[in-house]
Amino acid sequence: MLTRRHIRVKVMQSIYALIQSKNTDMQKEEKFLTVSMENMYNLYVTLLNLIIAVQKLAEDQLLISQKKYLATEAEKNPNKKFINNEILQYLKENTLLQNITKERRLTDWDLEEDYVKLIYKEILESPVYEEYMKTEKSSFAEDKDLIIEIFKTIIAPNDKLYEYIEDNRLTWVDDLPLVNTLILKIFKKLKPEPPENYFTPKLFKDMDDKEFSRNLFRKTILNDEKFQEEIIGKTPNWDAERITEIDSILLKMAICEFHKFPSIPVKVTINEYLEIAKEYSTPKSSIFINGVLDKLVKDYTTNNSLNKSGRGLM
């Protein structure tokens, strides 16, 4: 589930939290990093459960309408296209997702029905839903397109939902863009009759990624002073105080990868941190970071101090 970029972002956030708190207990902050990544998974599951709760509400509303004493013909025989949407059914019937929700004691949307009603109301009023409900039958592709559009335009950018997330678990606020992107990616790659574990991927692709998160955090912190000296040596026109905290952390993490992670190509490291800088730092940060890293790599190459093994790693 987590890509290397997601892991780098979480490490960056944890190092920043360590610096801001002036905490010297690295084990405690490393635990914070682990919990932070687990909480990201919790947010992922919570948002999928919100979609399931919307389907359940829609189903309940149809049943209520059918039982009206003076129900109209349309209410007696409603269009069930939305509640029978294949993607919604996959989510609703996924026992692995249900088990993870119980094990982690995640949000019971039955107790937060105001948010479910809010999302459902916006769906009912949306043009994409109106167009979808013009017929009673649909293809898998049409069902998938609807859910992608609903998530992208109604759920992901919803201000009230953002407020709920902010009030209930502050760390989720930083995770929300990453998780929204992950969910959209999973929906877009979905094929008919997916395996039961499709919507419940592992947090880490493999043990290497898990070790990468821990080692990147540890080695960046333990070599902080050394990496700081290397940065200042390549920024003669900049006072240390003028370099933003985030830029400083990203530079140190990149230098750490140059020296301490032999299997990661230099170009991959540079590209990853430039992209993270664009998202999390100032508008000019990526240009500044690129300039510093370029100078460092040239020096490392000249004095043969880059710790890289294997072909194509430069």
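## Helix packing

A crossing of two helices is called right-handed if the near helix is turned clockwise from the far one by less than a right angle, and left-handed if the turn is anticlockwise. In this predicted model, the crossing of helices H6 and H8 is right-handed.

Helix H6 spans residues 113-124 and helix H8 spans residues 140-155; they pack at an angle of about 115°, and their axes are 11 Å apart. Since angles of 65 to 115 degrees count as roughly perpendicular, H6 is therefore roughly perpendicular to H8.

## Contact residues

On the H6 side, the contact involves Ile-119, Glu-122 and Ile-123, which meet Ile-150, Ile-154 and Ile-155 of H8. By class, the residues of this contact of H6 with H8 comprise five nonpolar and one charged, with no polar residue.

## Largest pocket

The volume of the largest pocket is about 340 Å³. Its lining consists of 16 residues, and those nearest the centre are Asn-49, Ile-52, Ala-53, Asp-108 and Asp-110. Helices H2 (26-66), H4 (86-92) and H5 (95-104) are the elements that each give two or more residues to this lining. The greatest share comes from H2, with five residues.

In terms of class, the lining of the largest pocket holds six polar, five nonpolar and five charged residues.

Key. Residues are numbered from 1 along each chain as its sequence is written. This is a predicted model: local features need pLDDT of at least 70, side-chain atom pairs count only at pLDDT 80 or more; totals for chains, interfaces and linings use all residues. Side-chain values use heavy atoms; hydrogens and water are left out. Axes are lines fitted to C-alpha atoms, for helices over the stretch in contact, and angles run from 0 to 180 degrees between N-to-C directions. Helices (H or I, at least four residues) and strands (E, at least two) are DSSP runs, numbered from the N terminus. Angles under 35 degrees count as roughly parallel, over 145 as roughly antiparallel, 65 to 115 as roughly perpendicular and the rest as oblique. Contact means heavy atoms within 4.5 Å. Ala, Val, Leu, Ile, Met, Phe, Trp, Tyr, Cys and Pro count as nonpolar, Asp, Glu, Lys and Arg as charged, and the others, Gly among them, as polar. On a 1 Å grid over the protein atoms alone, a cavity is a set of points where a 1.4 Å probe fits but cannot get out, and a pocket is an open set with protein on both sides within 12 Å along at least five of seven lines; lining residues have an atom within 4 Å of a point. Grid points are joined across faces, edges and corners, and a volume is the space filled by probe spheres set on the points.
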